[in-house]
Amino acid sequence: MKNLRKTFRDMTPDGEEVIESGWFDREHLPEIPRHGSIARAMLDAWTKGEC
């Protein structure tokens, strides 16, 4: 994850598709997508340590 952060540390939102961005750990997530979405399934797997 450190390498990914380093690679994308200068990432800036475009204001249209991405309004804001940030880096979060498992214990400090912002509001996350609804159950049933692909994004939620990915986040659930990550928070459980499955990936």
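**Figure 1. Salt bridge between Asp44 and Arg40 in the predicted model**. The side chains of Asp44 and Arg40 form a salt bridge, with an N to O distance of 3.0 Å. Side chains of opposite charge can pair when their charged atoms come close. Because Asp44 and Arg40 lie 4 residues apart in helix H2, about one helical turn separates them. Arg40 is buried, at a relative accessible area of 14%, whereas Asp44 is partly exposed, at 22%. The salt bridge count for the model comes to 1.

Figure 2. A polar atom of the Ser37 side chain lies 2.9 Å from the backbone oxygen of Arg34. Ser37 has a relative accessible area of 17% and therefore counts as buried, the cut-off being under 20%.

**Figure 3. Lys48 and Arg26**. Lys48 is located in the segment after H2. With a relative accessibility of 61%, Lys48 is exposed. The C-alpha atoms of Lys48 and Arg26 are 8.9 Å apart in space, while the two residues are 22 residues apart in sequence.

**Figure 4. Overall context of the close-up views.** The secondary structure of the protein consists of 2 helices and 0 strands. The protein has 51 residues, of which 8% count as buried. Its accessible surface comes to about 4,800 Å², and carbon and sulfur atoms account for 53% of that surface.

Technical notes. Residues numbered from 1 in each chain as written. Predicted model: local features only at pLDDT ≥ 70, side-chain atom pairs only at ≥ 80, totals over all residues. Heavy atoms only, no water. Buried < 20%, exposed > 50% of the residue type's maximum accessible area, 1.4 Å probe, protein only. Polar contact = N/O pair within 3.5 Å; in protein donor to acceptor, adjacent residues only side chain to side chain. Areas by Shrake-Rupley, 256 points an atom, 1.4 Å probe, with all protein chains shown as cover. Salt bridge = Lys/Arg side-chain N within 4 Å of Asp/Glu carboxyl O.
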